Amino acid sequence: MACMKLGSKSEVFHLDGQTWLCSTGLQSDVIIEIGETSFHLHKFPLLSRSEALAILTGDHSSENEKKCVLQLHDVPGGAKTFLLIAKFCYGVKMELTTLNVVSLRCAAEYLGMSEDYGEENLIAQTENFLNEVFGGWTDSLKALETCEKVLAQAEELHIVSRCINSLAMKASADPSLFSWPMQGGSDMRNPDGTVFWNGIRTSAKLHPVGEDWWYEDVSLLRLPLYKRLILAVRSNDMKPERVAGALMYYAKRHLPLLGRESSIESGNFAAPRSTISGTSEADQRNLLEELVGLLPDQKGVTPSNFLLRLLRTAMMIHASPSCRGNLEKWAHPWLTDSEREQLCRLMNCQKFSLEASTHATQNERLPLRVTVQVVFFEQLRLRTSVSGLFFVSENLDNSRNLSGNLSLARNDLHTVAGATHGRIVVDDMKKRVSELEKECLSMKQEIEKKGKTKLGSWNNLFRKFGFGQSKSKPGDPKASKPTDTKESPTSSAPLVNGGEHPNNESVE
């Protein structure tokens, strides 16, 4: 990890409870309070380096010359960072590191520690060190992680964007040209004599590194910063396969439900909240939806089995319809037969609407088993509706008969209300039955169009479900048309003139 040493004086600060004291032999003339921590310091070292402190002490000197108390609760990095600033102002030995340089740079800007208040002031020193940090992969990554603590100030100073651009450039480079991933900024030498400079191996024999070398490192980032990094590497024309690979690694690490088995075949997709370890269902839902939005648009880039697992997880945590729709439009045209069967197990045909059932019967990509299930459940729904219609009608008649034993006033009231409600229910049921019959007939016609080779089996199936040809009605000209010149003695032709067949033979 890169570091820069500043100052030359020995340590003069010591902590007493929650108070930092400076043992220089001079009495403190300024007290700076940050949160619950206070610093008893001296004006001169501070005023010679900070514009903000010079202005604040000048305002307080007119009120009370003996005692100056300043409250800096908003200083970036808090008391821990201000202690380093105090050491810098006093010339005490300190180190700039990858872990503290971002907060120090933000605090230096907040306090106005520019070159106008001393050469090689803290703003210039931290900027020089940041340029060194951006030269290494690991240092850039650690600096980006520390930006979370002072995110607003780091964004204003463009530290976040510079860290992301540095990482994106290195991740997009050809790994065969370097011995990445890089390990840090300072020179290192291992026991076998191999030398590292800025994380690059300088030995003659280079160890090959795969294109996925950076997946694990960046997976430690929180989602907002990770999303910006992925967008940056995509803008650098990284291969979509590598982008998809990074997203898959991140999803497997942060979505616990992604690797768990679900009862797909039973149709139970609900997962208890207790199974989501350490993360709420809402957080997982937001994470999944964001990752789906980052997946490459090119077809066939993301493996279908991973998309299926994402879809399963999306259904378990109740992701938005748009998220599930995007997952289905992927993946579906590139699925193998076995993968298509696995996907169809996620569908519950019993909950299909009329529109969904019609679409399912018209979709030639669906397996035959799914189409049969759709038709079966629609037939079952039709029969249930018809049974409900007769049940309502029978109850309506019974209620009318029983209502006659009541008093006249109550009889009139309940009869009118019951009859009105009954008519509404019956009308609704009739309408529903009519719609179901039309939809089932439409589904049958669409299925028959799929091919003559399957016609015989479909006819048998529909006759089994009650969709066979309706019997001829008496008096139908086609039904009474003779098929032979000789009349069958058991002819079922209708009787005419009260008991005579059309051939004028008498019937007993």
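Select F82 to begin: at 1% relative accessibility it counts as buried. This is a predicted model. F39 and F82 form an edge-to-face aromatic pair, 5.0 Å centre to centre with 65 degrees between the planes. F39 belongs to strand β5 (residues 37-41) and F82 to helix α3 (residues 78-90), so the contact ties together parts that are 43 residues apart in sequence.

Next, select W137 and W213. Their ring centres are 4.7 Å apart and their planes stand at 70 degrees, so this pair is edge-to-face. W137 is in helix α6 (residues 137-146), while W213 sits in the loop between β10 (200-201) and α9 (215-218), so the pair ties together parts 76 residues apart in sequence. Both W137 and W213 are buried. The count of aromatic pairs in the structure comes to five.

Now turn to the charged side chains. Side chains of opposite charge can pair when their charged atoms come close. The structure holds nine salt bridges.

Select E148 and R222, whose side chains meet in a salt bridge at 4.0 Å, N to O. E148 lies in the loop between α6 and α7 (151-156) and R222 in the loop between α9 and α10 (223-235), so the bridge ties together parts that are 74 residues apart in sequence. E148 is partly exposed, at 30% relative accessible area, whereas R222 counts as exposed at 57%.

Move to E155 and R228, a salt bridge with its closest N and O atoms 2.4 Å apart. Here E155 of helix α7 and R228 of helix α10 link distant parts of the chain, 73 residues apart. Both ends are partly exposed: E155 has a relative accessible area of 30% and R228 one of 31%.

R285 is partly exposed at 23% relative accessible area, but E281 is buried at 8%. Then select R105, E109, E127 and R162: salt bridges that share partners join these residues into one network.

The last stop is on the surface. Select E51, E115, D116, E119 and E120, which gather there in a patch of negative charge. Within this group, E120 lies in the loop between α4 (101-111) and α5 (122-133). E120 is exposed, with a relative accessible area of 57%.

Methods:
Residues are numbered from 1 along each chain as its sequence is written. This is a predicted model: local features need pLDDT of at least 70, side-chain atom pairs count only at pLDDT 80 or more; totals for chains, interfaces and linings use all residues. Side-chain values use heavy atoms; hydrogens and water are left out. Rings of Phe, Tyr and Trp (its six-membered ring) pair if their centres lie within 6.5 Å; planes under 30 degrees apart count as stacked, over 60 as edge-to-face and the rest as tilted. Helices (H or I, at least four residues) and strands (E, at least two) are DSSP runs, numbered from the N terminus. Buried means under 20% relative accessible area, exposed over 50%, partly exposed in between (1.4 Å probe, protein chains only). Patches are made of residues with over 30% relative accessible area and no salt bridge: like charges are joined within 9 Å, nonpolar side chains (Val, Leu, Ile, Met, Phe, Trp, Tyr) within 5 Å. Accessible areas come from the Shrake-Rupley method with a 1.4 Å probe; for residues, only the protein chains shown count as cover. Lys and Arg count as positive and Asp and Glu as negative; His and the chain ends are not counted. The place of a charge is taken as NZ of Lys, CZ of Arg, CG of Asp or CD of Glu.
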